[in-house]
Amino acid sequence: RNLHDPNTDDDNDPYYNKIYSNTHYDKLDITAKVSPFKNFDIDVTANKIYTRNISEQIDPIIEDGSLTPSFAPSITSEMGNFSMSYFMLGTAFEDSDLLFQRFKENRNSISQRLENQTGLDKAGYGSTSQQVVLPAFLAAYSGQSIDKVSLNPFRDIPLPNWQVRYRGLMKMKWFKKRFKTFSISHAYRSSYSILNFANNLQYNPGTPLETDISGNYFNEKLYTNVGLIEEFSPLVKVEFKLKNSLSLSGRLNKDRMMTLNFNNNTMTQNNGTEYVVGLGYRIKDLPFTMRLKGKKMKFKGDLDLKLDVSLRDDLMMVRYFGEDDTIENDQITGGQNEFSLRFIADYALTKYLQAGFYYIQDASAYQISTSYDRRSISSGISIKYNLGN
């Protein structure tokens with residue numbers, strides 16, 4: 001029986017039921033800057049975040065005739081999140097259909113490894129077991145060997161990401177003669193995350209042969225979603241400015257995202273490619289005349305012209321990885337082709353006053369028929385006054 005007397009004040013009762021909670025938080029950030037030679041800079045980053053919250057209700061009880069309370073065991077609840085920088089460059093340019101097929105085929109090899117490691121029957125490590133699916137997924141999309149990929153979903157050491165910039169071409173005579181500036185850059189970022197993991201209340205280490213309704217051994221932890229993200233932002237970017245004040249930039253961005261949904265044995269996949277071109281030109285000391293209330297006013301300032309055009313292609317798909325590999329139920333659920341054009345002209349009337357004109361055009365064609373294509377155009381004139389010195 002609980003020692004708690006309902007007639008007493010909860011806050012003053014030392015034996016009133018309490019919730020014990022312990023939060024564990026680990027964060028690791030690594031940054032480094034490397035310059036193999038002049039005008040070639042590499043910024044390397046790596047990070048990892050691990051959070052875990054454990055809670056347990058403490059129930060004091062007292063036996064008849066005893067004045068000393070004891071504490072009854074209770075169920076421990078554990079929840080948390082995990083994320084770290086990752087590396088998937090080995091499969092970045094492979095066909096997505098082949099990678100998904102490799103992921104499904106990897107499950108059989110992982111099942112065999114688990115049987116060899118635990119001595120339990122392979123049948124309990126089925127094609128939908130989280131202990132099987134997760135390492136098979138990571139091996140397929142990271143390019144790791146199926147025989148060497150870790151069976152532990154939590155990693156100790158985050159993998160490096162980077163950003164590279166090279167400006168050394170300006171040292172060459174041909175470039176120095178024609179350009180004011182010239183640079184090439186590249187950036188890679190990838191992450192691996194486990195969202196909302198929790199301890200499995202049905203797992204009992206003393207009865208390892210117990211299985212769920214799908215015939216899989218109970219896993220010690222349950223995972224709701226596991227995600228992989230990879231971004232080349234940019235894959236390559238070229239920026240330069242000519243001697244005549246004409247500037248140009250071009251960049252190619254690529255990204256992909258895969259999310260495992262263990263609740264319905266599906267994987268959500270999103271692939272995107274974006275092309276961006278920018279033009280700029282400055283006309284110095286351009287004279288401009290206007291009449292205001294019959295009075296002629298003359299101005300002389302710089303005119304900055306900027307034009308940015310981008311084209312992006314996105315495709316989102318849901319893929320099924322259930323027990324029956326013969327079922328192909330891939331469905332396109334989203335995505336679009338986006339076109340964007342932005343033109344801006346700014347003219348410096350005085351040191352503090354600036355007039356401008358802008359034109360913006362956006363268009364989207366969706367990948368699914370349930371969404372309508374979208375078009376929008378906006379333009380106008382702007383006046384800016386700088387109150388600073």
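Modeller: Helices (H or I, at least four residues) and strands (E, at least two) are DSSP runs, numbered from the N terminus. This is a predicted model, in which local features need pLDDT of at least 70, side-chain atom pairs count only at pLDDT 80 or more, and totals for chains, interfaces and linings use all residues. Residues are numbered from 1 along each chain as its sequence is written, and side-chain values use heavy atoms, with hydrogens and water left out.

Biologist: Which strand holds Asn253, and is Asn253 buried or exposed?

Modeller: Asn253 belongs to the strand spanning residues 246-261, β9. Buried means under 20% relative accessible area, exposed over 50%, and partly exposed in between (1.4 Å probe, protein chains only). At a relative accessible area of 8%, Asn253 is therefore buried.

Biologist: Is α1 parallel, antiparallel, perpendicular or oblique to α2?

Modeller: Helix α1 (residues 96-118) packs on helix α2 (residues 130-142) at about 135°, the axes being 7 Å apart. Axes are lines fitted to C-alpha atoms, for helices over the stretch in contact, and angles run from 0 to 180 degrees between N-to-C directions. Angles under 35 degrees count as roughly parallel, over 145 as roughly antiparallel, 65 to 115 as roughly perpendicular and the rest as oblique. The relation of α1 to α2 is therefore oblique.
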